[in-house]
Amino acid sequence: MGEGITATAMPSRQPAKRLADFLPYQLSVASNAVSTRIAEQYRKRFALKTTEWRIMAVLGDSGPLTQRELSQQTLMDKVPVNRACKTLESRGLAERTPNAKDGRSHLLALTAEGKAVHAGIMPLALKIEKEMFSVLSEDERVALRDMLSRVRDNAGDFDAESLAD
């Protein structure tokens, strides 16, 4: 211990309190809590992990993408994206096709079965979203979406290679 500082004089909760007040930490914890709540349902009903569902959700919204584009859109590292893509392919939920624009990459797209699973999960996810955010008024939900969008935009763009921990 430093001069004049005793073990009892050091506040034991100070670092945790600072972390609890740290806005990025609060965003992460809230995001994980909401994602976990939704993930419980699609894991039980469709045997999908969070990463697999995120890939399916993006493909369902955007159509075929490369794994690099999937990493960029989900802000997930290429390793879990690659693993999720392989799992979705092996289950027949997604398929890889050559990328006509770049012969070094492939496009991943949902299969008919993948689209059916996506269509089955979306109403469930939206129902849970409605329940989770029912503590906010409509104006507050609109404001929260706007604020999150502005914060995300302010964070800037990331190269897929920089997303690894």
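User: Why are helix 3 and helix 5 called roughly perpendicular to each other?

Analyst: In this predicted model, the axes of helix 3 (residues 50-62) and helix 5 (residues 78-90) come within 9 Å of one another and cross at roughly 80°. Axes here are lines fitted to C-alpha atoms, for helices over the stretch in contact, with angles running from 0 to 180 degrees between N-to-C directions. Angles under 35 degrees count as roughly parallel, over 145 as roughly antiparallel, 65 to 115 as roughly perpendicular and the rest as oblique, and helix 3 and helix 5 are therefore roughly perpendicular.

User: What makes the contact between these two helices, and how do its residues divide by class?

Analyst: Contact means heavy atoms within 4.5 Å, and on the side of helix 3 the residues that make it are Thr-51, Glu-52, Ile-55 and Met-56, while helix 5 brings Pro-80, Val-81, Ala-84, Cys-85, Thr-87 and Leu-88. Seven of the residues in this contact are nonpolar, two are polar and one is charged, where Ala, Val, Leu, Ile, Met, Phe, Trp, Tyr, Cys and Pro count as nonpolar, Asp, Glu, Lys and Arg as charged, and the others, Gly among them, as polar.

User: What makes helix 3 roughly perpendicular to helix 4?

Analyst: The axes of helix 3 and helix 4 come within 10 Å and cross at roughly 100°, and that angle makes the two helices roughly perpendicular. Arg-54, Ile-55, Val-58 and Leu-59 of helix 3 meet Leu-70, Gln-73 and Thr-74 of helix 4, and by class this contact has four nonpolar, two polar and one charged residues.

User: How do you know which stretches are helices and strands, and how many does the chain have?

Analyst: Helices (H or I, at least four residues) and strands (E, at least two) are DSSP runs, numbered from the N terminus. The chain has seven helices and two strands, and from the N terminus on their order is α-α-α-α-α-β-β-α-α. As for the numbering and the model itself, residues are counted from 1 along each chain as its sequence is written, and side-chain values use heavy atoms, with hydrogens and water left out. Local features need a pLDDT of at least 70 and side-chain atom pairs count only at pLDDT 80 or more, whereas totals for chains, interfaces and linings use all residues.

User: Why is the aromatic pair of Tyr-42 and Trp-53 called tilted?

Analyst: Rings of Phe, Tyr and Trp (its six-membered ring) pair if their centres lie within 6.5 Å, and planes under 30 degrees apart count as stacked, over 60 as edge-to-face and the rest as tilted. The structure holds one aromatic pair, and the rings of Tyr-42 and Trp-53 have centres 5.8 Å apart and planes at 40°, so the pair is tilted. Tyr-42 lies in helix 2 (residues 23-46) and Trp-53 in helix 3, 11 residues apart.

User: How do you know whether Tyr-42 and Trp-53 are buried or exposed?

Analyst: Buried means under 20% relative accessible area, exposed over 50%, and partly exposed in between (1.4 Å probe, protein chains only). Tyr-42 has a relative accessible area of 3% and is therefore buried, and Trp-53, at 7%, also counts as buried. Of the 165 residues of the chain, 27% count as buried.

User: What makes a set of residues a nonpolar core, and which residues have the most contacts inside the largest one?

Analyst: A nonpolar core is a set of buried Ala, Val, Leu, Ile, Met, Phe, Trp, Tyr and Cys residues joined through side-chain atoms within 4.5 Å. The largest has 27 residues, and those with the most contacts inside it are Tyr-42, Leu-48, Ile-55, Met-56 and Leu-70. Helix 3 gives the largest share, six residues. Leaving out residues up to four places away in sequence, Met-56 touches Leu-48, Leu-88, Leu-93, Leu-110, Gly-114, Val-117 and His-118.

User: Why is Leu-75 given a label other than that of Thr-66?

Analyst: Leu-75, in the loop between helix 4 (67-74) and helix 5, has a relative accessibility of 35% and therefore counts as partly exposed. Thr-66, in the loop between helix 3 and helix 4, has 10% and so counts as buried.
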